[in-house]
Amino acid sequence: MKTECIGDHVKLKGKTYPCTVSLTMDLVGGKWKAVILYHLKDEPKRYNELRKELATVTEMTLSLQLKQLEKDGLVFRKVFGKKPPIKVVYSLTGLGKTFIPVLDAITEWGNQVVLDNGEFITAAEKES
């Protein structure tokens with residue numbers, strides 16, 4: 001029997017899922033969560049650094065996704081200072097760091113798909 005199917009369902013933090021794949025996709029699925037985790041995998045970053053690296057995400061979406069990742073225990077938000085301008089830094093938690101091998105595998109797979117079926121383009125090429 002597969003590990004993810006030992007019970008009828010799985011439960012994490014009071015939420016029930018039909019299987020561990022469903023749980024995983026809830027935690028890291030969607031268009032931006034894995035991308036945010038990828039950009040935090042090597043070092044902590046400030047919000048504006050993430051905004052620059054993820055230029056096509058809206059501020060509202062980035063903020064909401066960071067809050068969700070923090071709530072789910074994958075990202076840690078550290079606030080420096082008590083009065084504005086405060087400094088806020090995001091980093092991976094221990095749980096978030098356990099996802100790095102998956103991020104690396106996703107990256108490798110995506111690179112291979114592009115090499116086999118697409119092309120890498122530069123920002124200048126994108127604009128033309």
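**View 1. Lysine 45 and its polar partners.** The side chain of lysine 45 makes a polar contact with the side chain of glutamate 53 (3.1 Å). A polar contact is a pair of N or O atoms within 3.5 Å; within protein, one must be able to donate a hydrogen and the other to accept it, and residues adjacent in sequence count only if both atoms are side-chain atoms. The model is predicted: local features need pLDDT of at least 70, side-chain atom pairs count only at pLDDT 80 or more, and totals for chains, interfaces and linings use all residues. Residues are numbered from 1 along each chain as its sequence is written, and side-chain values use heavy atoms, with hydrogens and water left out. A polar atom of the lysine 45 side chain also lies 2.7 Å from the backbone oxygen of histidine 39.

View 2. Lysine 45 sits in strand β3 (residues 45-46). Helices (H or I, at least four residues) and strands (E, at least two) are DSSP runs, numbered from the N terminus. Lysine 45 is buried, with a relative accessible area of 8%. Buried means under 20% relative accessible area, exposed over 50%, partly exposed in between (1.4 Å probe, protein chains only). Not counting residues up to four places away in sequence, lysine 45 touches His39, Leu40, Leu50, Glu53, Val88, Val89 and Tyr90. Contact means heavy atoms within 4.5 Å.

**View 3. The sheet containing β3.** Three strands form an open sheet in the order β3-β5-β4, with antiparallel pairing. β3 and β4 stand at the edges, each with a single partner strand, so one side of each is left without a neighbour in the sheet. Two strands pair if DSSP finds at least two bridges between them. Six bridges join β4 (residues 75-80) to β5 (residues 87-92).

**View 4. The β4-β5 hairpin.** Valine 79 stands opposite valine 88 in β5. Lysine 78 has valine 89 of β5 as its bridge partner. The hairpin has six residues between the strands, and glycine 81 takes a positive phi near 95°.

**View 5. Helices α1 and α2.** α1 (residues 20-28) and α2 (residues 33-40) pack at about 70°, their axes 7 Å apart. The two helices are therefore roughly perpendicular to each other (65 to 115 degrees). Asp26, Leu27 and Val28 of α1 meet Lys33, Ala34 and Leu37 of α2.

**View 6. Glycine 118.** Glycine 118 lies in the loop between α6 (100-117) and α7 (123-127). Glycine 118 is partly exposed, with a relative accessible area of 47%.

Note on methods. Axes are lines fitted to C-alpha atoms, for helices over the stretch in contact, and angles run from 0 to 180 degrees between N-to-C directions. Angles under 35 degrees count as roughly parallel, over 145 as roughly antiparallel, 65 to 115 as roughly perpendicular and the rest as oblique.
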